[in-house]
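Open the model in your viewer and follow the stops below in order.

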Amino acid sequence: MVSVFPERGATGTPEIDSYVYDSHRLLLAKDIEESVTERFEWRAPVDASVYVIARNVGLHAGTVVIQVFRARAATTTARGATPNTALMSVYYATDRVRSQGTEEPFGTEMAKDGQMEYGLCRVSIPRDHKMGELEGPSIWKLEFTPNPAKHIALVGPPISASEQQFFSQLKTKLSGSKVKQVLVFIHGFNTTFTGAARRTAQMAYDLGFDGTALFYSWPSHGDLSPLGYNEDGRNADLSVAHLKRFLTNLTERTAVETVHLIAHSMGNRVLARAVSELAAEKSAIHFRNVILMAPDIDAELFRQMAAAMESQAQDITLYASSKDLALQASNTYAGYPRAGQGGAKIVVLPGIVTIDASFVDTSLFGALHQYYADSRTILSDVFQLLRGQPPRERFGLKQAEKDGKPYWIFKP
């Protein structure tokens with residue numbers, strides 16, 4: 001039995017990728033990509049000489065322990081056994097102010113002078129997780145705190161890093177990966193930092209994303225009230241410059257080759273403006289996919305930004321729905337249609353693939369404005385999208401037309 005695990009240190013614990021090779025340098029075993037547990041174990045089928053490589057891909061230095069022994073039974077905490085959970089590593093950047101003495105590591109206000117915080121979160125995914133669900137405590141089951149074995153939950157506090165450490169570690173991680181791609185999620189209205197971390201992990205896990213998952217958390221108040229909505233709108237506008245700086249650093253200071261961006265709801269205000277401003281500055285940054293989920297943006301303002309956005313991305317996809325009650329409320333509140341509304345108000349523009357998800361059965365989740373990640377149908381479509389399949393080849397879509405321009409509808 002070969003057992004590899006990091007030794008805990010005073011300033012943090014390193015994250016280890018482990019590989020086992022035979023004497024002919026043939027790969028025999030390795031860690032599950034993007035899945036982290038306390039210990040990697042590999043049981044040799046016969047006595048043999050092997051090479052073990054342990055590579056630190058985390059944000060902290062530390063000692064790696066490699067044990068070799070005869071074992072009668074594998075432990076239940078190792079990646080060689082069947083774990084109760086998978087632990088997803090998701091990297092973060094945020095312009096939220098750091099919290100003191102609360103359950104949330106970051107607060108609802110913006111850090112002074114746009115100061116950014118960087119680091120890594122570990123998020124548990126239960127073994128019986130169902131695709132499209134964000135499992136959490138239920139008062140109906142008398143559950144009041146997250147249980148990593150049953151819920152998608154943050155495990156331990158975020159591991160913080162300086163800006164230099166963060167981009168240096170990402171560069172090292174991506175340099176050693178076959179597929180040098182990242183998925184960046186920008187959350188929407190009424191979302192806490194922890195909520196953003198959980199949702200990012202769930203989507204990356206459900207999408208089987210072969211790369212590194214990150215999220216950008218702007219200072220949403222996590223509050224459904226009209227006051228919370230107004231405050232979130234103001235903070236979204238103020239975060240544009242910070243997201244733009246983060247995306248620039250991500251592409252220029254790491255070894256990333258492919259960047260996919262997914263924004264939800266009000267997060268599309270931050271993303272759309274950041275991408276259109278990069279275009280106005282004639283930035284050399286180019287994104288593979290920009291995916292706009294239920295964008296809470298004024299539809300006419302979005303039309304004005306669309307052409308600039310198109311120059312910065314290979315593909316732009318907009319998912320809309322006429323059943324999204326949150327966008328209906330936003331429409332009523334603002335007095336003008338939103339870019340994420342489907343049906344008769346759907347926005348169809350050249351260079352953007354628009355998909356009307358109004359016929360997707362999301363039950364209660366559609367009312368909660370979360371259909372983008374709670375629907376297996378949409379997650380399956382994004383799965384195909386990220387692998388380069390055009391809409392005409394994706395299962396469940398049919399072509400429609402508005403004002404002579406094509407768009408797509410999920411078949412009822």
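This is a predicted model. Start at D356. Its bridge partner in β20 is I409.

Pick out T317 here; V353 in β18 stands opposite T317.

Move to the loop between α10 (376-386) and β19 (397-402), and select F395 there. Is F395 buried or exposed? Its relative accessibility is 76%, above the 50% cut-off, so F395 counts as exposed. Then draw a C-alpha to C-alpha distance from F395 to K411: 9.4 Å in space, for residues 16 apart in sequence.

Now select helix α4 (residues 240-252). Its 13 residues should span 18 Å at 1.5 Å a residue, and the end C-alpha atoms are 18 Å apart, so the two agree. Colour the buried residues of α4: V240, H242, L243, K244, F246, L247, T248, N249 and L250.

Stay on F246. Along with L271, F287 and F302, F246 touches the most other members of the largest nonpolar core, which has 61 residues. Helix α5 (residues 267-280) gives this core its largest share, six residues.

Centre on L271. Leaving out residues up to four places away in sequence, L271 touches I186, L243, L247, L261, A263, V290 and L292.

Last stop: a second, separate core of 36 residues. Select A201, L207, F209 and W408, which are among its members.

Note on methods: Residues numbered from 1 in each chain as written. Predicted model: local features only at pLDDT ≥ 70, side-chain atom pairs only at ≥ 80, totals over all residues. Heavy atoms only, no water. Helix = DSSP H or I, 4+ residues; strand = E, 2+ residues; numbered from the N terminus. Buried < 20%, exposed > 50% of the residue type's maximum accessible area, 1.4 Å probe, protein only. Pairing = 2+ DSSP bridges. Expected span 1.5 Å × (residues − 1). Core = buried A, V, L, I, M, F, W, Y, C linked by side-chain atoms within 4.5 Å. Contact = heavy atoms within 4.5 Å.
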